Amino acid sequence: ARAAARAAAGGRVAEQARWLEAAADAHAQAGMARERFDALEQLAVAMRESRGADEARSRAQALLALADGPGERARALVQVGACGLNEAHFEAAMQVFDEAIAAAEAAGDTHTAQHARYLQALAASHTLGLDEALRRIEPLRPWAEALQDDSLRHSFLADLAIVYDQADRRRRARPLFERTLAYFDARHETSNAAPARALYARSLLMLGDPEGACAQLEIAVRDRRVAAAGDAGHGIELLNLGRVYCELGRYRETLALLGPELERLDTEAGAVVRGAVALVLARVQIHLGQPARALQLLKALRLQAPFHQQAMRAWTEALLAQERPRDRAALLAQALACFDGQADLPFLRLPILFDQLAGEADAQALAALREAVAECEARELPAPQLLGRARLMQVLGACGRADDALTVARNLFADLDRIKPVGCYLPELYAAIRDAALAGGDSVLAGQALDSAVAWIDTVARKHLPPLGREAFVQRNPVNRALLAAVTAR
């Protein structure tokens, strides 16, 4: 048992499972039924973290068969329900947790009853909605904070952070993510850290902190390589890191990271992830001034791709149709139609909507833009909101409201110091601010926006591109070309 505890402390879950199995056998031979049950309960947890679903479920069911009395039955039912939760059998898990709560209360075991309620709240997030999940899980926090089991306490807090994040309460989730990941990392609990880290990185990106997201994802890729003996290509972490590199303008790193993945995933089994990789690389090629390469990547995508990839593909094709307004409008409408009847992904849907509305210079478009920008505010999506504010600024200008557009431009420029956009090309935002500033008579702001854009372009060209790629980036990217021409002309 002590060896199992040492293995658990070192994050060696498979080794911990072997020691627990040996301890359970020893207790059985000694006639120590309670100690055997305790070891098998810990083994069920370890199996869930280190083995396949079938084996974990089998261990949990065996524990239930061995249970003696309502107290042990409640504890075993928690393990059975946790397996159902992991396997996405949410309705069945809800019922199992109801049984666990009833058994625990019959045994006077408050701890197990609360543990079951905690896991049931996670299942409820999928069956009854996030508001109901929060209603159930938030009152359990005092119980969790008082736990002697540090790992369980931090697992609860990580799950609470995840529910907050999914319920668009990212600012409330952030300190919980930071606290729990510090704990898991110090103890090498990578299986507990991985899901929290992935969602925290996405949350940071939505909050406008791509550098923070990048740091988290680099740790995730490192952990994956350690766990997979050097092969990080089989994890979604690599794809997510590539996405963030693209947002930061670290194009050489994106190509080096995801280029080999495109070849490795050229099988039916890897088609979905391959499609996501191709979409990131297509966006990179657009930024690098290589539209033909981007189009080639898009044409290789499967017609039966998931709805969000279809939406992303149409949106990316719209970026290539800037000189063809009718085609662009049709592609954006096609992208938004992909969300009909599907789960809402506001961090993707809203930027596409912003681009669509930017092509309509009328009062109706202004009202729709304001509504979508307000939705970003309510859902704590400040990074995607930046594009919406830029499009609002442009439509105000097109409607002859230069003073209002200038007010938006000033606020947007100030916010770009602390919030970085997602899903758009940063120099394009600076170019739009410059245009609004010139139309509104603010030459100082126009100069500042131009300087900021050119400095970003120069940094990316020098630090994140090979020499052979710099000329195309500077001269063939139309946004960069126009900005650099403006520098020459002033």
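Modeller: The axes of helix α25 (residues 443-463) and helix α27 (residues 478-489) cross at roughly 120 degrees and come within 10 Å of each other. The model is a predicted one.

Biologist: Why are α25 and α27 called oblique to each other?

Modeller: Their axes cross at roughly 120 degrees. Roughly perpendicular covers 65 to 115 degrees and roughly antiparallel needs over 145, so an angle between these ranges counts as oblique. α25 and α27 are therefore oblique to each other, and α25 passes α27 in a left-handed crossing.

Biologist: Which residues of α25 and α27 meet?

Modeller: On α25 they are L450, A453, V454 and I457, and on α27 they are N480, L483, L484, A486 and V487. By class, this contact has eight nonpolar residues, one polar and no charged.

Biologist: How do you know how α18 is oriented relative to α19?

Modeller: The axes of α18 and helix α19 (residues 325-337) come within 8 Å and cross at roughly 165 degrees. Angles over 145 degrees count as roughly antiparallel, which makes α18 roughly antiparallel to α19. The crossing of α18 and α19 is left-handed. A311, A314, W315, E317 and A318 of α18 make the contact with R328, L331, L332, Q334 and A335 of α19. These residues divide into seven nonpolar, one polar and two charged.

Biologist: What makes α20 and α22 roughly parallel to each other?

Modeller: The axes of α20 and helix α22 (residues 382-398) cross at roughly 10 degrees and come within 9 Å. Angles under 35 degrees count as roughly parallel, and α20 and α22 are therefore roughly parallel to each other. P351, F354, D355 and L357 in α20 meet P384, L387, G388, R391 and V395 in α22. By class, the contact has six nonpolar, one polar and two charged residues.

Biologist: How much space lies in the second largest pocket?

Modeller: The second largest pocket holds about 950 Å³ of space. Of its 33 lining residues, R202, L205, N240, R243 and F347 are the closest to its centre.

Biologist: Which helices supply at least two residues each of that lining?

Modeller: They are α12 (190-206), α13 (210-227), α14 (236-247), α16 (271-287), α18 (307-319) and α20 (346-357). By class, the lining has 24 nonpolar, five polar and four charged residues.

Biologist: With which residues is R75 in contact, leaving aside its neighbours within four places in sequence?

Modeller: R75, which lies in helix α5 (residues 69-86), is in contact with F37, D38, E41, D109 and T112. Contact means heavy atoms within 4.5 Å, so each of these residues meets that cut-off with R75. R75 and A104 are 29 residues apart in sequence, and their C-alpha atoms are 7.7 Å apart in space.

Technical notes:
Residues numbered from 1 in each chain as written. Predicted model: local features only at pLDDT ≥ 70, side-chain atom pairs only at ≥ 80, totals over all residues. Heavy atoms only, no water. 1 Å grid on protein atoms, 1.4 Å probe; cavity = no way out; pocket = protein on both sides within 12 Å on 5 of 7 lines; lining within 4 Å. Points joined across faces, edges and corners; volume = space filled by probe spheres on them. Helix = DSSP H or I, 4+ residues; strand = E, 2+ residues; numbered from the N terminus. Nonpolar A, V, L, I, M, F, W, Y, C, P; charged D, E, K, R; others polar. Axes fitted to C-alpha atoms, helices over the stretch in contact; angles between N-to-C directions. Left-handed = near helix turned anticlockwise from the far one by under 90°.
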